[in-house]
Amino acid sequence: MNETRQGFVQLHLSVLLAGFTGLFGRLITLNEVDIVWYRMLFTSLILLVFTGLPRVGWRKFLQLCGCGALLGLHWMLFYGSIKASNVSIGVICFSLIGFFTALFEPLMYHRRLSWTELLFSLITVAGVLCIFSLDARYRYGISIGVASSAVCALYAICNKKVSVGVRSRTVLMYQMSGGLVLVSAIIPVYLVFFPSQQPVVLLPEGHNLWFMLCHALFCTVGMYLLQIQALKRLSAFTVNLTYNLEPCYTILLAFFIFGEGREINFSFYIGIALILLSVLLQSRRALTSK
């Protein structure tokens, strides 16, 4: 198996695990701030057991912490979008990550804008615009979701740059632990702009505790280790655009578990079809270009 195909296998396994993230966001009855803080805490503890504290330079350590802060902010916005709308809307807005990556990556890597990548991204945008025809009560959740996808695009691009030469487990360890400290400082500012309707809980209990532990182990440690490995073999744009498949997995599960299919109209399915088309086109382009 060549490097590109191996990267796609790792990528699609990580997307499959990511499909459960939105479901946990709905099953866990804590607010988005609690979910993110404990997700990063539990992930840090799990990784500490398996990796210890590997040595990295201070510059690299600070870069990894910065990436962790971006990831934490993305999570807060992502879960906030789900709480303000529903699982399907939250994960669909995440599909815009490919569009933002097509804009941000050329700027950060000092290369020309790829019109092909932009075209594929605009197909996704068209799909999201179809979904915008949903009831106006979802508009606030959609706006938060759009901001979430922009922050996640920045995270993926920065992560590809700073993770070079560092083991995947080490990258994730310092992103989670260092990011946890920075996210703790971001939370008060976040709550000013996006006040939560749920009170902050100091310690999760009962089913919330078990859901948080499973969320940290499978949808964070497992998913992000696979994603970091895939980023070493594929471009950030290919990885981010392929993550547009996450809504397809999540929505099918949400239909079955939460009955969200009753809230969906025909334009929603047109939007999903356009998003899927953009992923297939980019996957074919990446495989044939090697």
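Mentor: Helices (H or I, at least four residues) and strands (E, at least two) are DSSP runs, numbered from the N terminus. Residues are numbered from 1 along each chain as its sequence is written. The model is predicted, so local features need pLDDT of at least 70 and side-chain atom pairs count only at pLDDT 80 or more, while totals for chains, interfaces and linings use all residues; side-chain values use heavy atoms, with hydrogens and water left out.

Trainee: Where is Thr21 found?

Mentor: Thr21 belongs to helix 2, which covers residues 21–27.

Trainee: Is Thr21 buried or exposed?

Mentor: Thr21 has a relative accessible area of 5% and is therefore buried. Buried means under 20% relative accessible area, exposed means over 50%, and partly exposed is in between, with a 1.4 Å probe and protein chains only.

Trainee: Which residues is Thr21 in contact with, leaving aside its neighbours within four places in sequence?

Mentor: Thr21 is in contact with Arg39, Phe78, Tyr79, His215, Cys219, Met223 and Glu246. Contact means heavy atoms within 4.5 Å. Glu246 is 225 residues from Thr21 along the chain, and their C-alpha atoms are separated by 9.2 Å.

Trainee: On to helix packing. At what angle do helix 3 and helix 9 pack?

Mentor: Helix 3 (residues 32–51) packs with helix 9 (residues 168–193) at about 160°, and their axes are 9 Å apart. Axes are lines fitted to C-alpha atoms, for helices over the stretch in contact, and angles run from 0 to 180 degrees between N-to-C directions. Helix 3 and helix 9 are therefore roughly antiparallel. Angles under 35 degrees count as roughly parallel, over 145 as roughly antiparallel, 65 to 115 as roughly perpendicular and the rest as oblique.

Trainee: And what is the crossing of helix 3 and helix 9, left-handed or right-handed?

Mentor: The crossing of helix 3 and helix 9 is left-handed. A crossing is left-handed if the near helix is turned anticlockwise from the far one by less than a right angle, and right-handed if clockwise. The residues of this contact of helix 3 with helix 9 comprise 16 nonpolar, 7 polar and 2 charged. Ala, Val, Leu, Ile, Met, Phe, Trp, Tyr, Cys and Pro count as nonpolar, Asp, Glu, Lys and Arg as charged, and the others, Gly among them, as polar.

Trainee: What does the side chain of Ser44 reach?

Mentor: Ser44 is in helix 3 and is buried, at 8% relative accessible area. Its side chain reaches the backbone oxygen of Met176 at 3.4 Å and the backbone nitrogen of Ser177 at 3.2 Å. A polar contact is a pair of N or O atoms within 3.5 Å; within protein, one must be able to donate a hydrogen and the other to accept it, and residues adjacent in sequence count only if both atoms are side-chain atoms.

Trainee: With which side chain does Gln175 make a polar contact?

Mentor: The side chain of Gln175 makes a polar contact with that of Tyr155, at 3.0 Å. Gln175 is in helix 9 and is buried, with a relative accessible area of 0%. Not counting residues up to four places away in sequence, Gln175 touches Met40, Leu64, Cys67, Gly68, Tyr155, Asn159 and Leu180. The C-alpha atoms of Gln175 and Ala69 are separated by 7.6 Å, although the two residues are 106 apart along the chain.

Trainee: How do helix 4 and helix 8 pack?

Mentor: Helix 4 (residues 58–84) and helix 8 pack at about 160°, with axes 8 Å apart. They are therefore roughly antiparallel, and helix 4 passes helix 8 in a left-handed crossing. The residues of that contact of helix 4 with helix 8 divide into 17 nonpolar, 8 polar and 1 charged.

Trainee: What about helix 6 and helix 8, at what angle do they pack?

Mentor: Helix 6 (residues 97–109) and helix 8 (residues 139–162) pack at about 40°, with their axes 9 Å apart. That makes helix 6 oblique to helix 8, and their crossing is right-handed.

Trainee: Finally, is Arg285 buried or partly exposed?

Mentor: Arg285, in helix 13 (residues 266–288), is partly exposed, with a relative accessible area of 30%. Leaving aside neighbours within four places in sequence, Arg285 is in contact with Ser114, Thr116, Glu117 and Phe120.
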